[in-house]
Amino acid sequence: MTGTAGAAEGLRATRVSREAGGRIVLDGVSLAPPPGATVGLLGPNGSGKSTLLRVMAGVLTPGTGVVTLDGRSLADTGRRTVARRVAVVDQHAVTQVELSVLDVVRLGRIPHRRAWSAPGREDEEAVRDALARTGLADRAGQSWHTLSGGERQRVQIARALAQQPRELLLDEPTNHLDIQHQLELLALVAALPVTAVIALHDLNLAAMFCDRISVLAGGRVVAAGTPSEVLTEELIREVYRVRAVVTPEGPGGRPSVRFLPGPAARVPPQG
C-alpha cells in the first residue's frame, strides 16, 4: 500500500470482537469514519460503545479483528505515533494531584515533546488556542478540584484539542453539561478539522451534529448511515424499546425525534 493511499484511510476498526468476564461485548464490529467527518456512536447502555472507543484508541486489544491507522495496525504504528494522532475524552476524569486548568490542558502536549523537555512556543500556542476555543482562557489558573463536572469536561476537551489530533474519540462528552454547553461543545467538535467519533445517548444531538451514525445493540452494528437513514421509528422501537415520532426538520432535512410515553410493543417474530 502506498503512503498516499494509506493516509486517506485514517482510523478504522475492522470486524473487531472483544470479551469481558466471559461475555461478548463487541461482536465483529466495523467502523470506518470518513476523514473529517463527525460520526455518532449510538446504542443503549451495555451495547459496547465505550469498549469500541477504547479499542480504537489502543487502550484495549481486540480479541479478533484489527484497528488500523492509515492502513497499519495500531501495534505496528507505535504508541507514540498513535498518541500524537488520536485524542480521547473519557466520561469521567479524576486526579488526586493538585493541578490547575492550565496544567491539565498542557498534558495534551506530552506526545509532541521529548522526555523531560520544557514546553516550547508551539506547545504554549496550542494550549492557549485550546483554552480559547473552549471558553476557558480566564480559568487557566483555577484549581481543577474547584470545577464543576461540566467545567471539568470542558477542560478535558481543551486538553484533547491541545494535542492537535487528526482523530478525536469522545465518550459521552455531554453527560455533565447543561443544554447550552451541550450545543456549544458539539458545534465546536463538528467544526474542527478532525475526524471525530462521539458516543452519545441523545438522538436529537446526534441528528443535529453528526454526518453519519452507527448504532450498536448487543455488541453489533445494527444500522449505519446518515441521520436520516438511521434514525427511524422502527429502529428506535427495536433498539431502545420505546415509541417515537421521527420527522424531517431543520437544515438539510435532518430528523427530529419526539418520544412518546409508554414502552414500545414487542414485534412478534416472523415465520
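This is a predicted model: local features need pLDDT of at least 70, side-chain atom pairs count only at pLDDT 80 or more; totals for chains, interfaces and linings use all residues.
Q: In which sense do E7 and E8 pair?
A: E7 and strand E8 (residues 195-199) pair in the parallel sense, over five bridges. Asp 171 has Ala 199 in E8 as its bridge partner.

Q: Let us turn to H7. How many residues does it have, and what is its reach?
A: Helix H7 covers residues 149-162, which is 14 residues. From its first C-alpha to its last, H7 reaches 20 Å, close to the 20 Å expected at 1.5 Å a residue.

Q: How many of the H7 residues are buried?
A: H7 is mostly covered, with 12 of its 14 residues buried. Among them are Gly 150, Glu 151, Arg 154, Ile 157 and Leu 161.

Q: What covers them?
A: The cover over the buried residues of H7 includes strand E6 (86-89), helix H5 (101-106), helix H6 (121-133), strand E7 (167-171) and helix H8 (179-191).

Q: Which other residue has a positive phi, near 55 degrees?
A: Asp 70 has a phi near 55 degrees, and it too is a residue other than glycine. Asp 70 sits in the loop between E4 and strand E5 (72-73). At 19% relative accessibility, Asp 70 counts as buried, the limit being under 20%.

Q: What about Thr 68: where is it, and what is it in contact with?
A: Thr 68 is in strand E4. With 12% relative accessibility, Thr 68 counts as buried. Leaving aside neighbours within four places in sequence, Thr 68 is in contact with Gly 10, Leu 11, Arg 12, Ser 73 and Leu 74.

Q: Now the loop between E7 and H8. Is Thr 174 buried or exposed there?
A: Thr 174 lies in that loop and is buried, with a relative accessible area of 7%. Not counting residues up to four places away in sequence, Thr 174 touches Gln 182, Leu 185, Leu 186, Leu 200 and Leu 205.

Q: And Asp 178, buried or partly exposed?
A: Asp 178 is also found in the loop between E7 and H8, but Asp 178 is partly exposed, with a relative accessible area of 42%. The C-alpha atoms of Asp 178 and Gly 150 are separated by 7.7 Å, although the two residues are 28 residues apart along the chain.

Q: Changing topic: what is the volume of the largest pocket?
A: The largest pocket has a volume of about 670 Å³. Of its 27 lining residues, Ala 57, Gly 58, Val 59, Arg 79 and Val 82 are the closest to its centre.

Q: Which elements supply the lining of the largest pocket?
A: H2, strand E4 (64-69), helix H3 (74-77), helix H4 (79-85), E6 and H7 each supply at least two residues. The largest share, four residues, comes from H2.

Q: How many cavities of 30 Å³ or more are there?
A: The structure holds one, and the largest cavity has a volume of about 40 Å³.

Q: What lines the largest cavity?
A: Its lining consists of Ser 50, Leu 53, Arg 54, Val 88, Asp 90, Leu 169 and Asp 171. H2 and E7 each supply at least two of the lining residues, and H2 gives the most, with three.

Technical notes:
Residues are numbered from 1 along each chain as its sequence is written. Side-chain values use heavy atoms; hydrogens and water are left out. The expected span of a helix is 1.5 Å times one less than its number of residues. Buried means under 20% relative accessible area, exposed over 50%, partly exposed in between (1.4 Å probe, protein chains only). Contact means heavy atoms within 4.5 Å. Two strands pair if DSSP finds at least two bridges between them. On a 1 Å grid over the protein atoms alone, a cavity is a set of points where a 1.4 Å probe fits but cannot get out, and a pocket is an open set with protein on both sides within 12 Å along at least five of seven lines; lining residues have an atom within 4 Å of a point. Grid points are joined across faces, edges and corners, and a volume is the space filled by probe spheres set on the points.
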